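Open the model in your viewer and keep the sequence panel beside it. This tour goes from one selection to the next.

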Amino acid sequence: MRPFRGADPLLPAALAVLVALSAACGSRLPEGDFTSRPPAATPGAPPIRVGVITSATSPVGGEAFTGPRDGALAYFAALNASGGLDGRRVEPLTCDDGGSGAGNHTCVTELVEQRKVFALVATTALDYAAAPRVSRAGVPDVGGQPIGPAYDTHPHLYGIHGSSAPRTGGRPGWNGVLYGGTEVYRYFRRTHGARTAAVVSYNQPSSAAYARLVTRALRAEGYRVVTEQVDFALPNFRAVAADLRVQRPDLVLDALDGHGNARLCEAMDAVGAVPTAKVTHVQNWDSTVPDQYRKSPRCRNALWATGSSRNHDDASHPAVRAFRAAMDTHARGVTTRSQWQVEGWAAAMWFTDAARSCLAGPGGLTRACVERFLTRREPYTARGLLLPVRFEHLDRPPRTRRACLSVARWRDGRGWVTQGDMNRNCATVPQLGYRP
């Protein structure tokens, strides 16, 4: 079996925690910050319109979901600046759904039904309520972020991490159950000898439920698990940190919001309870670490992140250099660099490669042709930016799977430092079922 992607299967649950815990509202980045203007289209060749739906303003807070959009827009701007897609300009049309189901339906009405976009690219919707409408319309949705179960439910939707689920439009996954591997915990056990893990949560339903999922996966990998819970209204992180100093876990994982996570790190620094690894997920794998963790230098330098895409800080790789150069040129108002930007860039590249393959063929550019490219047997890697992505339809979920993992560690003065080759950080791990 080919190595599979190493996305955190619990990320949707983690984001649900953030929704439940956060009440902040953010602002949308002005589209004018993408300063490069594409050249005029080749005479007689209409632009190829694609839609980019993002929960740019949402209950989770400003810029929580804008990374994939920013990466995709930078890719299309660079593509157009170099002559477009075989001489045709790609015209991305953006829509902010506000993080609500009603707003999501409004965006689909505008982009799919009124503006008649050919495809959606890098969708990042907190509540993808209109996914059934996109599927019924036969509009390919390429490289979206699987925040909810839509990409494991509906045909014509192709999440950035691939899927093995039947995707018939009924219940998500296999009869309402999704499956994910334990590769993150296997990695730290095998590579760093980790044996004890702590999971910190709030006494709040979403947070506690996510903590239970993480605990189950850790125990499946043989960890001794220490559970810590703090009061959501009046959290005493100092008491948690003091107990962590006694328990001496190798790993610390959390089911907290960003603010709580930073305060936990501050408390851990204060009492000297810094573990081998303070593990976070791909959404927090960005360049804001020095600011977010400015009061906790020891905990900051124990931060590790895992995911399914190549480290955005790894400028030794040519595809990462191309991404960073395009962001610097075409997204000058976006100062943060993040893993989700890389994945949005990769989603735009994926659509472009699919469309180019169709334009080179006898049938021309059609949605059916694009989907044939997306579902081909050969996995897609976006020039090495992604772990191999593929789509297959398995009637039964696999009991085990060979999964690979991209890993990086924060180091002051160096940023996120890649840990091993993501195509070799692989293991055959059990697949655990959970209901979204």
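Buried here means under 20% relative accessible area. Keep that cut-off in mind for the first stop. Note too that this is a predicted model.

Select residues 196–202, which form strand 7. How many of its residues are buried? The count is 7 of 7, and the strand is mostly covered. In a regular strand the side chains alternate between the two faces of the sheet. Colour Thr196, Ala198, Val200 and Tyr202 for one side. Colour Ala197, Val199 and Ser201 for the other. Both faces are covered.

**Stop two: two packed helices.** Select helix 2 (residues 67–81) and helix 12 (residues 339–359). Their axes lie 6 Å apart, at an angle of about 45°. Helix 2 is therefore oblique to helix 12. The crossing is right-handed. Show the contact residues. On helix 2 they include Gly67, Ala74, Tyr75 and Phe76. On helix 12, look for Trp340, Gly344, Trp345 and Arg356, among others. What kinds of residue make up this contact? They divide into 11 nonpolar, 5 polar and 2 charged.

**Stop three: one asparagine.** Go to helix 8, residues 258–271, and pick Asn261. Is Asn261 buried or exposed? Its relative accessibility is 4%, so Asn261 counts as buried. Now show its contacts, leaving aside neighbours within four places in sequence. They are Asp254, Leu256, Lys278 and Tyr293.

Technical notes: Residues numbered from 1 in each chain as written. Predicted model: local features only at pLDDT ≥ 70, side-chain atom pairs only at ≥ 80, totals over all residues. Heavy atoms only, no water. Axes fitted to C-alpha atoms, helices over the stretch in contact; angles between N-to-C directions. Helix = DSSP H or I, 4+ residues; strand = E, 2+ residues; numbered from the N terminus. Parallel < 35°, antiparallel > 145°, perpendicular 65-115°, else oblique. Left-handed = near helix turned anticlockwise from the far one by under 90°. Contact = heavy atoms within 4.5 Å. Nonpolar A, V, L, I, M, F, W, Y, C, P; charged D, E, K, R; others polar. Buried < 20%, exposed > 50% of the residue type's maximum accessible area, 1.4 Å probe, protein only.
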